[in-house]
Amino acid sequence: MSTDRATVRTLADTRATRPSAVADLAARRVRPHSFLGPTGKLMVIAADHPARGALRAGSDPLAMADRNDLLDRMCLALDRPEVNGVLGTADILEDLLLLGALDGKVVVGSMNRGGLAGTSFEIDDRFTGYDADHIASMGFDAGKMLLRIDPADAATAPTIESCARAVTALADRGLMAMVEPFISHRVDGRVRNDLGTEAVVRSVTVAAGLGATSAYTWLKLPVTDDLEGMERVLGASTLPAVLLGGEVPDDPDAAFAAFERVLKLPTAKGLVVGRSLLYPTDGDVVGAVDRAVSLL
């Protein structure tokens, strides 16, 4: 499936005249039988960046601001049979629902998008998106939360507490909690994530202990430059882990080689990738997705 301007106009018309269509289609959506797709892993396309004001992909600072183009790229990716999941905020997931692109997919609702990129309150990552009740009422499958731990920022504490409550609320409804933790610091006024092995290990141990149960918790973790250290990172808990794609890489070959190696570790259960597959440097979305799938 691909979108065009006429299709986007139809989406706007439907939203204006029949907003109840979203709930109607959600109730009829075909749900997946498992989190693990045909590859035996979870392969998720992520696009919750815009709601945090993070629109850059590669050299284009507003790449993700064109909703028609973003939906077109997402539909191309979701058409690949091995792609069995999608992560987004309500506006994007509902667009995809209206386009008929969510049947059989693991749908992950993005929960805390309040820590807007580049702001003074970025670490105060409030839950401005989905909550557990609405993920359940939509018949979606999981909720994702970002947890950045800045030792120098007191706003970290309420963010940790909010994430812990969300983990428990999702588990109470039998829904996956996907937690993306980082140790973060401000450098020249901007929040930077520490991707050193020790920092990532610490973030894993904090995230794994959130909530009243970890039965439904998965971790969303970066692949660091220290591939040997990734054994320590993924060995810091027994929770299933998916690897995040991050920025569009300068060297895609090196990035794919790193993914391939880490995916062999026992707790590595898949990929959650957004910009690096949706906005590859050569423009070939299908080719980038197929290459990522081949690693699984």
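This is a predicted model, and the stops below go from the core out to the charged pairs.

**Stop 1: the core.** Start with Met43, Met74, Leu96, Met145, Leu234, Leu271 and Leu277, the residues with the most contacts inside the largest nonpolar core, which has 80 residues. Another core of 12 residues lies apart from it, with Val44, Ala142, Trp218 and Val242 among them. Now zoom in on Met43: leaving out residues up to four places away in sequence, its contacts include Val83, Leu271, Leu277, Val293 and Leu296.

**Stop 2: helix α4.** Select residues 90-98; seven of the nine are buried. Leu96 is one of those buried, and so are Glu94 and Asp95. Show side chains for Arg15, Arg67 and Asp91 too, as they join Glu94 and Asp95 in a network of salt bridges.

**Stop 3: charged pairs.** The whole structure has 21 salt bridges. Pick Glu122 and Arg52, which pair at 3.1 Å, N to O. They sit in two loops, 70 residues apart in the chain, and both are buried.

Glu161 is partly exposed at 42%, while Arg165 is exposed at 59%.

Finish with Glu228 and Arg261, whose salt bridge spans 2.3 Å, N to O. This pair links helix α8 to helix α9.

Definitions and conventions
Residues numbered from 1 in each chain as written. Heavy atoms only, no water. Core = buried A, V, L, I, M, F, W, Y, C linked by side-chain atoms within 4.5 Å. Buried < 20%, exposed > 50% of the residue type's maximum accessible area, 1.4 Å probe, protein only. Contact = heavy atoms within 4.5 Å. Helix = DSSP H or I, 4+ residues; strand = E, 2+ residues; numbered from the N terminus. Salt bridge = Lys/Arg side-chain N within 4 Å of Asp/Glu carboxyl O.
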